[in-house]
Amino acid sequence: MVKICCIGAGYVGGPTMAVIALKCPSIQVVVVDISVSRITAWNSEQLPIYEPGLEDIVKQSRGKNLFFSTDVEKNVAEADIIFVSVNTPTKTQGLGAGRAADLTYWESAARMIADVSTSNKIVVEKSTVPVKTAEAIEKILSFNSKGINYQILSNPEFLAEGTAIQDLFNPDRVLIGGRETPDGQKAIQTLKGVYAHWVPEDRIITTNLWSAELSKLAANAFLAQRISSVNAMSALCEATGADVSQVSHAVGKDTRIGSKFLNASVGFGGSCFQKDILNLVYICECNGLPEVANYWKQVIKVNDYQKKRFVNRVVSSMFNTVSGKKIAILGFAFKKDTGDTRETPAIDVCKELLRDRARLSIYDPQVTVDQIQRDLSMDKFDWDHPVHLQPMSPGTVKKVSIVWDVYEAARDAHAICILTEWDEFKTLDYQRIFDNMQKPAFVFDGRNIVNVKKLREIGFIVYSIGKPL
Ligand code: NAD
Ligand code: UGA
């Protein structure tokens, strides 16, 4: 039986390994992590992450050929293929702080592999890493090899949260990069054999290592760039009377452009777009390509501008002061169908409103009170560095209440800000909400999901992104 071990039981390691185990009953898959609480949760009824369809597939394989363990060293030693899916956050200190990827977790995983291995291994980069990371990993492993042969592969993950299981079952492509040597090619074929259990062969792309590493950063940069492009247009729409939904529809009908990923919003969030673009910018700068770096930097700048523009609109519409006014925040996760709040635009919007002395009442169906409190009291980029993941007592951030009932959040509020596109926000009883709010009652829809005409008929003053007032 082939044995796979995945280091890192997070949003990528957990779901990807659960799918491999389900699709490959002849392979034993063990997911390991240094976080005892995460592994305990993976072995419990309450999984550590919310992802539609995940619970079902974990339950089908757990205890058969899918295991979650904190015994990192033993499982690494026994594996034939080791996936490394640890976090690769933005550095917060030292050279490249605020831009470069922090590879501390990756390097410590590589050194541990070198320490405990007694047989040949294929080591797979699953985390998103700077191009050329495989070279560094190869050095760490080969200088400590004790005669063991290591083959490094780059197999970046393209799943999106909220649709992870669907994306893994039916990927647009699986990308595998390896050395162009006979041993490298053999390792590529071994990993291809795993995916071939369910992915059609023509969707499994093989490349050299650097193309695979760079393609992941490029794909995220292209996706984020589309959102910043449509968000930049949304500002122009507001200034001219055009409607951004109509513009995206018309533009997206061109088959060369395509209709997906053109929804204007309060800004993109998530753990990766910003981090990966900053990383790309840093790599360009290190390679003496400032013009290329500046081109991609602009994607982040427009995203920051969009969040700021949203808050400015809230404050200026409410007679230039939100001081002491209750504002209901509907949605805190960075997108619907996930409880993940990493780099969610809601953090920036809420912090700005708090700076303007608003009182916030936050409702999200999947995010815990603790998580929101932690997010609102942390510095930028600190969230992905485990030392900061200390539990906090609720109520730490003053002027914020977090509630589990959307109508409670909106009661006596002067305004509602919709920051996540949860489906339930489309069908709320807005008349009931309006009746219990201060007047004038404002709705600022950061996701363009409400029926503007209907809400205006009820009596709301509605502001949507990129739409005529
Ligand atoms: P995560 O923070 O959810 O999970 C990483 C896990 O690795 C954590 O549980 C941490 O405890 C563990 N870990 C860190 N160092 C370890 C070590 N030395 N030994 C054992 N465990 C260790 O992160 P994630 O969202 O799963 O992302 C992982 C990587 O995948 C990142 O590079 C990210 O850019 C990339 N990625 C993420 C997504 C996504 O949707 N989240 C999608 C594609 C790619
Ligand atoms: C993204 C990519 O889509 C994945 O392919 C990639 O694997 C992943 O990053 C990663 O490397 O981590 P994810 O961040 O989970 O996935 O979610 P997306 O659906 O891409 O959404 C990202 C952000 O963009 C969200 O805040 C979302 O609301 C926003 N968005 C998305 C828009 O504002 N408009 C759109 O049209 C689409």
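Start with ligand 1 in this predicted model: 25 residues surround it, with Asp 33, Arg 38, Thr 88, Glu 161 and Lys 275 the closest (a residue counts if one of its heavy atoms lies within 4 Å). By class, that shell has 8 nonpolar, 10 polar and 7 charged residues (Ala, Val, Leu, Ile, Met, Phe, Trp, Tyr, Cys and Pro are nonpolar, Asp, Glu, Lys and Arg charged, the others, Gly among them, polar). A nitrogen atom of ligand 1 sits 2.9 Å from a side-chain N or O atom of Glu 161, and a backbone N or O atom of Ile 34 is 3.4 Å from a ligand nitrogen. The protein buries 92% of the 830 Å² that ligand 1 exposes when taken alone (Shrake-Rupley areas, 1.4 Å probe).

Now for the domains. The shell around ligand 1 takes at least three residues from each of domain 1 (2-199) and domain 2 (220-464), with bounds from an automatic or database assignment. Their C-alpha centres are 32 Å apart. Between them the two domains bury about 1900 Å², 53% of it on carbon and sulfur atoms (accessible area lost on being put together, 1.4 Å probe, summed over both). On the domain 1 side, Tyr 50, Arg 99 and Glu 161 supply 33% of the buried area, more than any other three residues.

Arg 99 also pairs with Glu 285 in a salt bridge, 2.1 Å from N to O (a Lys or Arg side-chain nitrogen within 4 Å of an Asp or Glu carboxyl oxygen). The rule finds 2 salt bridges across this interface.

A note on conventions: residues are numbered from 1 along each chain as its sequence is written, while chains are lettered from A and ligands numbered from 1 in the order written. Local features need pLDDT of at least 70 and side-chain atom pairs 80 or more, whereas totals for chains, interfaces and linings use all residues, and side-chain values use heavy atoms, leaving out hydrogens and water.

Terms used
A polar contact is a pair of N or O atoms within 3.5 Å; within protein, one must be able to donate a hydrogen and the other to accept it, and residues adjacent in sequence count only if both atoms are side-chain atoms.
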